[in-house]
Amino acid sequence: MPSLYKFFLGFVCASMTLVTNAQDFPCDEVDKKAIEEVSPDKIKRISGFQTATPVERANPRYPAEAARTGSEGWVTMSYVINEEGAVEDVIVDDYSGHKAFRHEAVRALKRWKFDPAMKNGAPTEQCHQAIRIDFLLEDNTGAKRSFIRAYREIEGLLSEEKFALADEKMAKLEAKRNFNRYESTYFYTLDGKLARRLNDVQRELNSYSKALNSANQSEFEDAFKADLIRQIFALEVNFGYYALALESFDKLLELDGAEAYRAELAPVVEEINALIESKSPMSIALAVKDSGSQFYTLTRNQFGFSYIDGDLDSVEVRCESHREKFTVAENFIWSIPQSWGQCRVLIQGEPGTTFELVEVNNA
């Protein structure tokens, strides 16, 4: 089996050319003046930015049907805190468990109140926000016998290489949507293994990510979580999700045995950072999800789109201290002020639309 280092080297993108006239995002005159006066290598955070602080957090309602079936789960969401300290533009990134969890999580989050973020003494938006809301029941530990039987049957089918039948059984088991936190962890770990045998790497990444979120709700050992994160890291590297891979590496370092993980993956991380700092364009193939949107975390502050097949409606840049929304122009480069901090790009359009997002470094 090839090493993670070889995984990484195999996915360094080829060079490509984009239109070189770059457009700066609108920003206030203070930021522009500061950028003109300070050398780029010294720019970390130009303007004074104080993050929002929570004032009121509403708890979500536990859906009655989910409680009756013993279903537990979680919902991860992205959102914006506006100048008044209210939550807006909530987007569900992922979820596990009963479908009603999504509605209840969004409903609760929209009722949260904050003292707004401050920028240069004035209220401002805070955009680079993400949260996971857990739905847990007391005294709900271990897996049900019915789940264990189904799990072992699917495990047996995998060992017998009956992948199509295993996939059918997995779909039926998931459709019940009555997993508790432990069952979710084991289910999605097994689904990741099945996805690998089916050569469905996107499903593999999604399943291992769900398994990790579920494991973080429970008392799973660090070694189990570390194995999940290392597999997620390898997949993120291979996809070119370098910002997410670096976040996964940081998560590993928080676990017991961090030095061993650092020694194992440090060469890959060094290669990622070297690529980000290089002049080579970094291209990644993406597609709009069924929800009509797709998020991507940037590693550079210049990007563009190419090879659009379908319809893209808009691109919204959500940074730590600012956001802007634009129509999409193919083969055009946007530049984001470094004072905005790390940014995520929200692309919205027709589901199934494919495109390439290219990050460039003209600094």
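Okay, before anything else: when I say buried today, I mean under 20% relative accessible area. With that in hand, 48% of the 363 residues of the protein chain count as buried. And keep in mind that this is a predicted model.

So, the overall picture. The protein chain has eleven helices and 17 strands. If you take the contacts with a separation of 6 or more, residues 24 or more positions apart account for 74% of them.

Let's go to the helix pairs.

First up, H6 and H7. Helix H6 is residues 163-175, helix H7 is residues 181-197, and they pack at about 150 degrees with their axes 11 Å apart. Over 145 degrees counts as roughly antiparallel, so that's what we call H6 and H7. The crossing of H6 past H7 is left-handed. Who's touching whom? On the H6 side the contact includes Phe 163, Ala 166, Met 170 and Leu 173, and on the H7 side you've got Phe 187, Leu 190 and Leu 194, among others. Sort the residues of that contact by type and you get eight nonpolar, no polar and four charged. Among the residues in this contact are Asp 167 and Glu 174 from H6, plus Asp 191 and Arg 197 from H7.

Ser 207 sits in helix H8, residues 201-215. Is Ser 207 buried or exposed? Buried, at 4% relative accessibility.

Helix H9 covers residues 222-239, and it packs against H10 at about 160 degrees, axes 8 Å apart. So these two are roughly antiparallel as well, and their crossing is left-handed. From H9, the contact takes in Ala 226, Ile 229, Ile 232 and Phe 233, among others, and from H10 it includes Tyr 242, Leu 244, Ala 245 and Phe 249.

In H10 the buried residues are Tyr 242, Ala 243, Ala 245, Leu 246, Ser 248, Phe 249 and Leu 252. As a reminder, an α-helix has 3.6 residues a turn, so residues three or four places apart point the same way.

Over to Arg 102, in helix H4, residues 100-109. Arg 102 is partly exposed, at 34% relative accessible area. Beyond its neighbours up to four places away in sequence, Arg 102 touches Val 75, Val 92 and Tyr 95. With Val 75, the C-alpha atoms are 6.2 Å apart, across 27 residues of sequence.

Last bit, backbone angles. Most residues other than glycine have a negative phi. Asp 89, in strand E5, residues 87-96, has a positive phi of about 50 degrees, and at 38% relative accessibility Asp 89 is partly exposed. Then there's Glu 161, with a positive phi near 60 degrees. Glu 161 is in the loop between helix H5 (145-159) and H6, and counts as exposed at 52% relative accessibility.

Note on methods: Residues are numbered from 1 along each chain as its sequence is written. This is a predicted model: local features need pLDDT of at least 70, side-chain atom pairs count only at pLDDT 80 or more; totals for chains, interfaces and linings use all residues. Side-chain values use heavy atoms; hydrogens and water are left out. Buried means under 20% relative accessible area, exposed over 50%, partly exposed in between (1.4 Å probe, protein chains only). Helices (H or I, at least four residues) and strands (E, at least two) are DSSP runs, numbered from the N terminus. Axes are lines fitted to C-alpha atoms, for helices over the stretch in contact, and angles run from 0 to 180 degrees between N-to-C directions. Angles under 35 degrees count as roughly parallel, over 145 as roughly antiparallel, 65 to 115 as roughly perpendicular and the rest as oblique. A crossing is left-handed if the near helix is turned anticlockwise from the far one by less than a right angle, and right-handed if clockwise. Contact means heavy atoms within 4.5 Å. Ala, Val, Leu, Ile, Met, Phe, Trp, Tyr, Cys and Pro count as nonpolar, Asp, Glu, Lys and Arg as charged, and the others, Gly among them, as polar.
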